Amino acid sequence: MGGSKVKVIRTARDTGERFAVREELLPDQMQPEKNPFVAVDTGQEFQQVIGFGGAFTEASAFLFAHLAPDKQEEVLQAYFHPERGIGYSLGRTHMNSCDFSLGSYSCDDVRGDVELKYFNIERDRRYIIPMIKAALAVKGGPIKMLISPWSPPAWMKTNEQMCHGGKLKEEYRATWALFYAKFIKAYEAAGIPIWALTVQNEPAAKQTWESCLYTAEEERDFVRDYLGPTLAREGLGDKKIFAWDHNRDLLYERAKVILGDEKAASYVSGMAFHWYSGGHFEEVRKTHETFPDKELLFTEGCIELGMKLGQWDRGERYAHNMIGDFTNGANGWLDWNLILDPAGGPNHVANFCDAPVVADPVANRVYYQSSYYYIGHFSKYVKPGARRVNCTCTDRRLEAVAFKNPDQTVAVIVFNPTDEECRFQLAINGQAGMMSSPSHSITTYLWGA
């Protein structure tokens, strides 16, 4: 394939391009002494990619339900269709309520129901389950669904409420472990296969919304002694368990405790993490290098403090984080809410945030933030099963990462967050051509397609 054409897909702030496509040639041999370069060696392969996706929260599903059918279809196509959209293949939803629910609730609020006789998912059947099933229909294939609890029912907790932290009472650990199994089985009976779960969303954060605190040792022991064995006993031992599900800064410290225990590690497929503490990509790298047989999954990120329509920094934050995570060993990447309203909600504790797609049911309009396009430069062109390959960038103004897809096509993603146009050599396996990266742009170079 040397000397072949490369498909150039670009999104840029100042030119108005959005997934604009053209072709270029790689006609020359690389000359590293003459120009900055982005050089890709597909012979050096690293971690495998699971996929990309976002979260089916009750807030998103509620908004979706109140859009007209044509706008519902537009949103689903934009996210999940492999050609007409950005090809999401992962999904996340909350077990019991979260801040992006319409209020606090659990699937069993009957105090003392240790056998979970009154467990049900009727609340989820109203908005969440219909949206997931509609997405599955558009996808035309599987969406790997991840479930995450923000809190056990109030009656299982030391503070007797779902919000404001608190801990799981020791006497309810077996019941809470069974709760996951009940939830998985109920969703699968409703036609939604569950791929994986996290133990607890943000276990080190006492929030005004639904939250539950675990030390590393408490999380380790719960997985080792209750959750893992219960899932195995209930015939759900094939479901992946991801621990931590909180910020990168403490990812390695939590992994050492949980994955350092042989029995706990036997149940845990990997570690999940968020971005709210900042970069800390070295924590991803250390965790990957120390536990190379475990998967690393980014499970939540959003821009907080409400919605700001049209701001370009939204997409740029995503690109920087996605490149940093994958360069350091991440296997998959999940955004937070799929859609929110123009205020950044609904959210029952006013913790308003941004989202890549903004839906206004009153006006029946849908808006696409820059983050939608920036995420799409990864999710649309980097397929599940791809391998990250070696990518060297010598222009400090640029950030880059590259992948080899299962069909052997190569996707090279180059991000320019600066005010300058940057010219560089793009070299793939030594075959090179001069390229230009406009200011505030992201470009995917697809080779071998």
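**Salt bridges in a predicted model**

Glu-234 is partly exposed, with a relative accessible area of 28% (partly exposed lies between buried, under 20% relative accessible area, and exposed, over 50%, using a 1.4 Å probe and protein chains only). This is a predicted model in which local features need pLDDT of at least 70 and side-chain atom pairs count only at pLDDT 80 or more, while totals for chains, interfaces and linings use all residues. Residues are numbered from 1 along each chain as its sequence is written, and side-chain values use heavy atoms, with hydrogens and water left out.

Overall count
- The model has 31 salt bridges, each being a side-chain nitrogen of Lys or Arg within 4 Å of a carboxyl oxygen of Asp or Glu.

A partly exposed pair
- Glu-234 forms a salt bridge with Lys-185, with 2.7 Å between the closest N and O atoms.
- Glu-234 lies in the loop between helix 6 (216-233) and strand 9 (240-247) and Lys-185 in helix 5 (residues 173-189), so the pair ties together parts 49 residues apart in sequence (helices, H or I of at least four residues, and strands, E of at least two, are DSSP runs numbered from the N terminus).
- Lys-185 is also partly exposed, at a relative accessible area of 37%.

Buried pairs
- Arg-254 and Glu-219 meet in a salt bridge of 2.7 Å, N to O, and because Arg-254 lies in helix 7 (residues 251-259) and Glu-219 in helix 6, the pair ties together parts 35 residues apart in sequence.
- Arg-254 is buried at 7% relative accessibility, and Glu-219 is buried at 0%.
- Asp-325 and Arg-248 meet in a salt bridge of 2.8 Å, N to O, linking helix 10 (residues 313-327) with the loop between strand 9 and helix 7, 77 residues apart; both residues are buried.

Network
- Salt bridges link Arg-220, Asp-221, Arg-224, Asp-225 and Asp-261 in a network.
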